Amino acid sequence: MKHILLLTILLVLSPASRACDFIIGSWQSDAAATMAFNRAKAKLEPRQDEFLASLMGKMTMEFTPKDMHLKMPDTQVSIGGKPRPFGGFEERNTYRVLFCNARMVAIAARESATGEEEVWTYFFSGPDAMWTYTGTNRPNIPDLHAREYFRRIKR
């Protein structure tokens with residue numbers, strides 16, 4: 001029994017079990033990094049670039065060990081050179097880690113809009129910088145092959 005307890009303590013305290021902790025904290029969308037990558041690599045038409053440039057940099061995400069909180073405030077976006085209202089949203093979801101290593105974390109959570117379980121992968125380019133692929137395979141939504149970058153604002 002002592003050996004099982006010792007093994008459990010070692011596993012809980014080991015670096016491998018804490019390997020996913022680097023996602024914990026608050027993250028802000030990084031408009032400059034997002035648009036720099038997307039302008040260089042994504043398939044953006046000028047109207048899509050205009051829209052994304054006015055949208056990026058506003059969303060925040062907060063990760064605790066089990067929950068994620070996404071918040072996008074109401075804002076204005078540019079469509080055809082004209083400002084238009086964009087309704088924000090707020091989502092709170094329990095997530096589970098599917099995989100992690102020093103470069104990425106893959107999580108699963110229920111999507112609020114559909115109720116279906118979805119998987120998101122966050123790639124780390126530094127201790128306080130990460131990005132996620134924003135593409136989709138949903139019908140009637142173009143896949144721009146874009147990324148959204150985030151910077152940590154609080155541990």
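Let me start at Phe 99, which sits in strand S6, residues 89–100; strands here are DSSP runs of E with at least two residues, helices are runs of H or I with at least four, and both are numbered from the N terminus. This is a predicted model, where local features need pLDDT of at least 70, side-chain atom pairs count only at pLDDT 80 or more, and totals for chains, interfaces and linings use all residues. Residues are numbered from 1 along each chain as its sequence is written, and side-chain values use heavy atoms, with hydrogens and water left out.

Phe 99 counts as partly exposed because its relative accessibility is 41%; buried means under 20% relative accessible area, exposed over 50%, and partly exposed in between, with a 1.4 Å probe and protein chains only.

Now the salt bridges. Six are counted, each a side-chain nitrogen of Lys or Arg within 4 Å of a carboxyl oxygen of Asp or Glu. One of them pairs Arg 39 with Asp 49 at 2.8 Å, N to O. That pair links distant parts of the chain, with Arg 39 in helix H2 (residues 31–41) and Asp 49 in helix H3 (residues 46–55), 10 residues apart. Asp 49 is buried, at 17% relative accessible area.

Next, Arg 47 and Glu 45 form a salt bridge, with their closest N and O atoms 3.0 Å apart. Is Arg 47 buried or exposed? Arg 47 is exposed, because its relative accessibility is 55%, while Glu 45 is partly exposed at 39%.

Back to strand S6, residues 89–100. Glu 90 and Arg 92 meet in a salt bridge at 3.7 Å, N to O.
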